[in-house]
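Welcome, and thank you for taking a look at this protein chain. Below is a short tour of a few of its features, taken one topic at a time.

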Amino acid sequence: MGMGGAMDSCGRCMKFSLICINVITLVGGALALGIGLWVWTSRSFSSTLLSNNMFIASVAVVVAMGAAMMLLSLLGCCGAAKEVKCMLLTYYILVFIIFVVMLVGGILQFVFREKVLTTIDREMYAAIPYYGVKHEYTVAWDDTQMYLQCCGVKSYKDWNDNFPESCCREVYPGKRLDCKASQNPTTMYVDGCLNKVVDFLREDAVYVGAAAIVVALIMLLALILSCGLFVKIE
C-alpha cells in the first residue's frame with residue numbers, strides 16, 4: 001500500500017506538471033504562430049525576388065506546427081486531467097511528430113541564414129528583367145526598395161538608368177522626389193539592396209528559428225512527462 005501511495009503521489013505530480021507544460025506549450029505555440037505569421041505576411045516582401053523558396057517554406061512549417069501545437073496542448077491537458085491512456089498515447093505520438101518537424105523547421109531557418117549569402121545576389125539580378133513585365137516582381141522590387149530605402153542589387157546603376165520610381169526618396173507618403181532628372185544621394189537611394197536584404201532575412205531567420213527550437217525543447221519535456229504519466233495510470 002505504501003508503494004502504491006508513493007506511486008500515486010508521483011503520478012499526481014506528473015499529472016500536474018504535464019498540465020502546466022501544456023499550458024506553456026499553448027503559449028509557446030501561439031508565440032511561434034504569431035512570429036511566423038508576422039514574418040510571412042509583413043516581412044517577406046522580398047521573397048518573390050528569390051528563386052529559392054526555402055525561407056518561406058520553413059516559415060510555413062513553423063506556422064503550421066505552431067497552430068497544431070496549440071490544439072494538441074488542449075488534448076494533452078484533457079488526457080492528463082482525465083487520466084485517459086488512449087488520449088495520452090495519441091498525444092504522445094502526435095507531439096513526437098510535431099517535435100521532429102518543429103526542430104527541423106528551426107534548424108532550416110539557421111541553415112537558410114548561411115545559404116542565402118551564396119545565392120541571393122544572382123537571384124536578385126535575375127529578377128531585374130521582370131520588373132514592369134510581371135506584376136509580382138514589380139511589386140516585390142518596389143516594396144523592397146521603398147521599405148529598405150535602397151536601389152538595385154549592389155547599386156542604382158544595376159537598373160541601367162531605367163530605375164523605378166521606388167528608387168527616389170520619399171518626401172511624404174505618396175510623394176517622391178524626381179530623381180531621374182537629378183541622380184544624386186539627396187534625391188534617390190544610391191545604396192544597393194543586396195546587403196540590406198541579406199541582413200533583413202537573416203534577422204528574421206533568427207527570430208523564427210529560435211522560437212521553433214525553444215518550443216521544440218518544451219515539447220520534449222512534454223513527451224517525457226506524458227510517457228511517465230501513461231506508465232503510472234493503471
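## A residue in a loop: T187

Leaving aside neighbours within four places in sequence, T187 touches C168, R169, L177, C179 and S182, where contact means heavy atoms within 4.5 Å. T187 itself sits in the loop between β2 (175-176) and α5. Helices and strands here are DSSP runs (H or I of at least four residues for helices, E of at least two for strands), numbered from the N terminus.

Is T187 buried or exposed? T187 is buried, with a relative accessible area of 13%. Buried means under 20% relative accessible area, exposed means over 50%, and partly exposed lies in between (1.4 Å probe, protein chains only).

## What kind of model this is

This is a predicted model, in which local features need a pLDDT of at least 70, side-chain atom pairs count only at pLDDT 80 or more, and totals for chains, interfaces and linings use all residues. Residues are numbered from 1 along each chain as its sequence is written, and side-chain values use heavy atoms, with hydrogens and water left out.

The predictor's confidence in each residue is its pLDDT, which runs from 0 to 100. The protein chain averages a pLDDT of 79, and 85% of the residues score at least 70. Among the elements of the chain, α4 has the highest mean pLDDT (88), while helix α1 (residues 2-42) has the lowest (73). Over residues 1-7 the pLDDT is below 50, and this stretch has 1 contact in the model beyond near neighbours in sequence. Where pLDDT is low, the predicted coordinates should not be read in detail.

## Three disulfides

How many disulfides does the count come to? The count comes to 3 disulfides, a disulfide being a pair of cysteine sulfur atoms within 2.5 Å. One of them joins C150 and C193, with sulfur atoms 2.0 Å apart. The torsion about their S-S bond is about 100 degrees, so this disulfide is right-handed. C150 lies in the loop between α4 and β1 (170-172) and C193 in the loop between β2 and α5, so the pair ties together parts that are 43 residues apart in sequence. Both C150 and C193 are buried.

Another disulfide links C151 to C167, with an S to S distance of 2.0 Å. The link of C151 and C167 is right-handed, with 80 degrees about the S-S bond. Both of these cysteines are in the loop between α4 and β1, 16 residues apart, and C151 and C167 are buried. Then there is the bond between C168 and C179, whose sulfur atoms are 1.9 Å apart. The link of C168 and C179 is left-handed, with -65 degrees about the S-S bond. C168 is in the loop between α4 and β1 and C179 is in the loop between β2 and α5, so this pair ties together parts that are 11 residues apart in sequence. C168 and C179 are both buried. When the bonded cysteines are numbered in sequence order, the pairing reads 1-6, 2-3, 4-5.

## Two further cysteines

C78 counts as partly exposed, at 35% relative accessibility. C227 is partly exposed as well, with a relative accessible area of 39%.

## Where two helices meet

Two packed helices are described by the angle between their axes and the distance between the axes. Helix α4 (residues 135-148) and helix α5 (residues 194-232) pack at an angle of about 85 degrees, with axes 11 Å apart. The axes are lines fitted to C-alpha atoms, for helices over the stretch in contact, and angles run from 0 to 180 degrees between N-to-C directions. α4 and α5 are therefore roughly perpendicular to each other; angles under 35 degrees count as roughly parallel, over 145 as roughly antiparallel, 65 to 115 as roughly perpendicular and the rest as oblique.

On the α4 side, T144, Y147 and L148 meet K196, V197 and F200 of α5.

## A buried serine

S73 belongs to helix α2 (residues 54-82). S73 counts as buried, at 2% relative accessibility. Setting aside neighbours within four places in sequence, S73 is in contact with N22, T25 and L26.
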